[in-house]
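Student: I would like to learn how to read a sheet and a cavity in a model. Can we go through one case of each?

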Amino acid sequence: MDPEASLDSLAHVPGTGRPVPEAELGLVQRWRSGGGELVELLSQVRERFGSIAAFRLGPAPTVLVTDPQAVQHVLARHPERYVKRSHRARLLIGDGVLAATGAAWKRQRRLLQSQFTGTGMRRYEQRITEAARTTAGRWGGYARTGQTLDVGREMRRFALDAIWRSLTGHPLDDGTERELAAVAAVAAALPTLPADVTDAQDAVAADLARIDAVARHAIEAARGGAVGPDGPGLLHVLIDAANERPEYTDRLIRDELVTLLVAGHETTATTLTWLYLLLDRYPAAREQALAAGDEGSAQRRQAIQALVHETLRLYPSAWILPRHATEDDTLAGYTVEAGTDILICPYLTHRDPDLWPDPEHFDPRRFITPAGRPAHPGAYFPFGIGPRACLGLQFALRESTVLLEHLLPVHTLAFSSTPTKAAYGITVRPDGPTPATLEPPRT
């Protein structure tokens, strides 16, 4: 491939002297008029034009990147050339670490990094386990009474309990759970909010006020010396930082708290909901995981983690990662000009048949069998890769695994109905309720 080739040689950048195929123009116009999902547009762009493809959604060119080597180039090797300008959830998370950029992001990331690796993670092991035991006890009650439960709500409740214990040292109480339902409400509303910032804030003002009130109460309690039964948590780390770092105002502490709530429960809850929907379609996968080893064995844990990884392959936590080119660059042999918007799409990379045989099939053995998955790091990155990869990756995998170790051997779900579509917002979530009852486990 000519290293000086321009992306206009892909024959689908308007205004480059080469005509745009009419089908592509129509495709983009249909999406922009609300006739389809962005992921459908991107899927068709990749199918027609390859794993690096340019098109226009606005005045500036946009380049879709799904090729593993190009993904690593953008996210891991040259993050200074391809920057994150803003976050879709800024309205909700403010200047939290997910939305922060530049020097502010480096300071905030450095403070939180140690909390999610090594010793920091061990500090939260027991809190995650207690949240899982609470959920298992609740499910035992559902099994005895035959009560219908909503799987999505149950997974959000567990994940919110786990992160709330880790943040505050307190188990999640019913009142806090009700108020923090506003987090999921705002997150779900984000893709449909008005473009004008003021109008968008007005549309979700009541929910934002509920979130702010919970955050304010938690911050005041922690600052007043209140420590929960599990001891101090992440919130106390943020408050301690404010004693030495003036940038940690109450507003920034609130933003970090809400960021950790969003990142710490929404993605995990969505992954676990999808996993149970997939097990409903592929029940043998559950049986294989449980047969891999005895309770508590490394073999069973590995098999359960494979269930999680395969779910994340199909429904990655970060399904799309926007970046902005700050300087001219050569990407996989094509020239990218400064000012170009880049869309990295794990959702499409993970479903590329050239990388993943039979990609739509749920097969956790990909993550156990030698050579069962592509070796290139840019082929599987549900939490991103590079310096801006998700801080909570280990936390999310740990809480998912612990919960499944408690639930899978005991309970099998029978869904009364399942969603037929996915909704693409901050996460890829089932677009509808997930009512189910508990059956005795299949043997």
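This is a predicted model: local features need pLDDT of at least 70, side-chain atom pairs count only at pLDDT 80 or more; totals for chains, interfaces and linings use all residues.

Student: In what order do the strands of the open sheet stand, and what is the pairing?

Tutor: In general, strands of a sheet pair through backbone hydrogen bonds, either parallel or antiparallel. Here five strands form an open sheet, ordered S2-S3-S9-S6-S4, with mixed pairing. At the edges are strand S2 (52-56) and strand S4 (82-83), each of which pairs on one side only.

Student: Which helix packs on the sheet?

Tutor: Helix H2 (residues 38-49) does, and it touches S2, strand S3 (61-65) and S9. The direction of H2 makes about 125° with that of S2.

Student: In what sense do S6 and S9 pair, and over how many bridges?

Tutor: Strand S6 (residues 321-325) and strand S9 (residues 341-344) are antiparallel, paired over four bridges. Within S9, aspartate 341 is the residue opposite histidine 324.

Student: Now the cavities. How many of 30 Å³ or more does the structure hold?

Tutor: The general idea is that rolling a probe the size of a water molecule over the atoms shows where empty space is left. This structure holds three cavities of 30 Å³ or more. The second largest cavity contains about 50 Å³ of space.

Student: Which helices each supply at least two residues of the lining of that second largest cavity?

Tutor: Helix H12 (250-281), helix H14 (298-314) and helix H16 (393-407) do. Residues lining the second largest cavity include Thr267, Thr271, Val308, Leu312, Phe383 and Leu397.

Student: How do the residues of that lining divide into nonpolar, polar and charged?

Tutor: The lining of the second largest cavity has five nonpolar residues, five polar and no charged.

Definitions and conventions:
Residues are numbered from 1 along each chain as its sequence is written. Side-chain values use heavy atoms; hydrogens and water are left out. Two strands pair if DSSP finds at least two bridges between them. Contact means heavy atoms within 4.5 Å. Axes are lines fitted to C-alpha atoms, for helices over the stretch in contact, and angles run from 0 to 180 degrees between N-to-C directions. On a 1 Å grid over the protein atoms alone, a cavity is a set of points where a 1.4 Å probe fits but cannot get out, and a pocket is an open set with protein on both sides within 12 Å along at least five of seven lines; lining residues have an atom within 4 Å of a point. Grid points are joined across faces, edges and corners, and a volume is the space filled by probe spheres set on the points. Ala, Val, Leu, Ile, Met, Phe, Trp, Tyr, Cys and Pro count as nonpolar, Asp, Glu, Lys and Arg as charged, and the others, Gly among them, as polar.
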